[in-house]
Every structure is written in structure tokens, then in C-alpha cells.
Amino acid sequence: MRNQTSVIVPEPKQSQSALLLTESDKRTQMSVPEPSKRTQTTILISEPNKMYCDLLRKAFYVVRNRFQVVASASTAAEILTGIEEARPHVAIVSANLQDGPLTGIRLLPEIRRINSETRTLVALESPEPDLVIEAFKFGADGVFCRNSPFDLLCKSVEAVSQGQIWASNDELRYVLNAFAKSSKQRKMDSAVESRMTKREAEVVRLAVEGLSNREIGQQLGLTEHTVKNYLFRVFDKLGVSNRVELVLSCLRQEEDAREEIATEPRNIGPPR
């Protein structure tokens, strides 16, 4: 079994499974959670192959005391419809969909825009470093490799539904290393930096580069204890609980900023 890291982020968070409403001409399938009980974790499942969706839905039905599949999809459009109409606690998003390779990963920001309370778990064929990094960069709350057993999938869904990050130690290392290698060439997002003091921002820059508290202290002329206090204050301001989440937060802020720049209307007037 892989060593999994679940990073806890407290976050406020449905009963006998309802019958799925199916339509012959629509791949997305919906069910309405029973209003009387809210003990289950509602989930959206997605697979590029409809048969695999059916198999996964049947697997979750066996543990229906814990989970309720409220939507299933095979395309990006069907996932977005499911998110908007069913508003599941967790969306298991296949990296590859009928629309093409990595479509699921590229869809993550749109899922977050439609319903920020839906947590996303990206299903990968294999934990390749580039795919893991891309998934978290686009806003995944966890990644899951299809080579892992179904019991572990259940644990990962429960973890992300409770506000935790789900990834193996190796997968988190991919993200941290990638960020550390390129962070020196980046500027911290101004919206994030504006929430910190000048000294806090200095500490954060060195922390995301991978420096230890002692190394940060040596560079800034601070004690390890003072560095730790600065980091705790930053964690509180950004709503994270440790360095891993700090790095992931910076990655997401960076991706959001890139999207805003890409979509920002530009006024190009005639030459003067």
C-alpha cells in the first residue's frame, strides 16, 4: 500500500441510496439526496468509458451507507452539468475524458467556479510527476492512481470531503520540488503578498523555495522560533495549516492569476 499523506484543513461539511434517474440520450445521470438524512458523502464519478462509470457506481453502491453517487459523466460538459445540478461533496474527475487526454485536469478551475464547495479528486492512470503537478496546479484536492484498490479510493474520497489533501509522499514531493525549482523566478501573487507584512513575505518566499526554518533564520537574521511564528501567522492568514498547503495555495493563486490575465479584455487602439 502506498504511503498516503492527508493534510487536515478543517472545513464545514446523505442515507439509503436514491434511485438513479437515467436518460437514454444523456450520459450524465442524476439522483436527488434524501432530505431526511445527511450521513453520506455525495459524489460525482467520471470515466471516459460509460461501462467503467457503471462499474464504479455499482462498487460505491456496495458501500452506500457511506457514499451516494449523485451524478456520473464521461465528458466535460456532463461533469459541469452534474456539478451545477447535484452539487456533490466530492467529484472524482478522470484526467482523461471522451473529449480528449487531460481534459479533466483542465476542467478543475471551472468546477471550482461553479461550486467552490465541491472537492475534487483526480483519477490518474499512473502517478507521473508532470500529471500530478498539473492536477494540483489546476486546483485538485487530491490525486488517486487507478492501480490502487477500491478501499483506498473510498478513503481518499472521505479525506478530501473533510477538507484534507490526498496524495502519496512521492506525489507531494513532485509538487514541492517543482515549485522549489522555479519559485526563484516567480513573483509572489500581489493579492497574497498584500495580506502579509514585509517580513512574513520574505519568510514565505524562502519557505516555498524549500529552505528549513534554520536556513531561513540564517538568511534573515532570525531565530528558528521566530521563523516558526511568522509561518504560523501566514498559515492563519491564508487558511492553510502547513508548508505543503502553503505551496499548493501559491500554485493555485499563480494559476488563477494566469487565467485572469489570459481572459482580461485588452484595448488595442490604432497606432498614434
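How much of the accessible surface of the protein chain belongs to carbon and sulfur atoms? In this predicted model, the share is 51% of an accessible surface of about 14,500 Å². The protein chain has 12 helices and 9 strands. Of its 272 residues, 49% count as buried.

Strand β6 covers residues 90–94. Because 5 of its 5 residues are buried, β6 is largely enclosed by the rest of the structure. V90, I92 and S94 point one way from the strand. A91 and V93 point the other way. Strand β4, residues 41–46, pairs with β6 in the parallel sense over 3 bridges. Within this pairing, I43 has V90 of β6 as its bridge partner.

Strand β7, residues 119–124, also pairs with β6. The sense is parallel, and the pairing runs over 5 bridges. Here V93 stands opposite V122 of β7. In turn, β7 is joined to β8 by 4 bridges, and these two strands run parallel. A123 has F144 of β8 as its bridge partner. Strand β8 spans residues 142–145 and is covered on both faces. G142 and F144 lie on one side, V143 and C145 on the other, and all are buried.

Nonpolar packing was examined next. In soluble globular proteins, nonpolar side chains tend to be buried together. The largest nonpolar core of this model has 55 residues. Within it, I79, V122 and F136 touch the most other members. Residues up to four places away in sequence aside, V122 touches V93, A95, I105, L108, A135, A140, G142, V143 and F144. Another core, of 19 residues, lies apart from the largest one. Among its members are I43, A123, A159 and V160.

Helix α5 covers residues 129–137. Its L131, V132, I133, A135, F136 and K137 are buried. G139 follows α5 and has a positive phi, near 115°. Helix α4, residues 108–114, contains I111. Buried or exposed: how does I111 count? I111 has 0% relative accessibility, and therefore counts as buried. Which residues is I111 in contact with, leaving aside its neighbours within four places in sequence? The contacts are I79, L80, I83, V93, T118 and T120. I111 and A91 are 20 residues apart along the chain. Their C-alpha atoms are separated by 8.9 Å.

Helix α11 presents two contrasting sides. This helix covers residues 224–238 and has 15 residues. From first C-alpha to last, α11 reaches 21 Å, close to the 21 Å expected at 1.5 Å a residue. Its buried residues are V227, Y230, L231, V234, F235 and L238. G239 follows the helix, with a positive phi near 75°.

Key
Residues numbered from 1 in each chain as written. Predicted model: local features only at pLDDT ≥ 70, side-chain atom pairs only at ≥ 80, totals over all residues. Heavy atoms only, no water. Expected span 1.5 Å × (residues − 1). Buried < 20%, exposed > 50% of the residue type's maximum accessible area, 1.4 Å probe, protein only. Pairing = 2+ DSSP bridges. Areas by Shrake-Rupley, 256 points an atom, 1.4 Å probe, with all protein chains shown as cover. Core = buried A, V, L, I, M, F, W, Y, C linked by side-chain atoms within 4.5 Å. Contact = heavy atoms within 4.5 Å.
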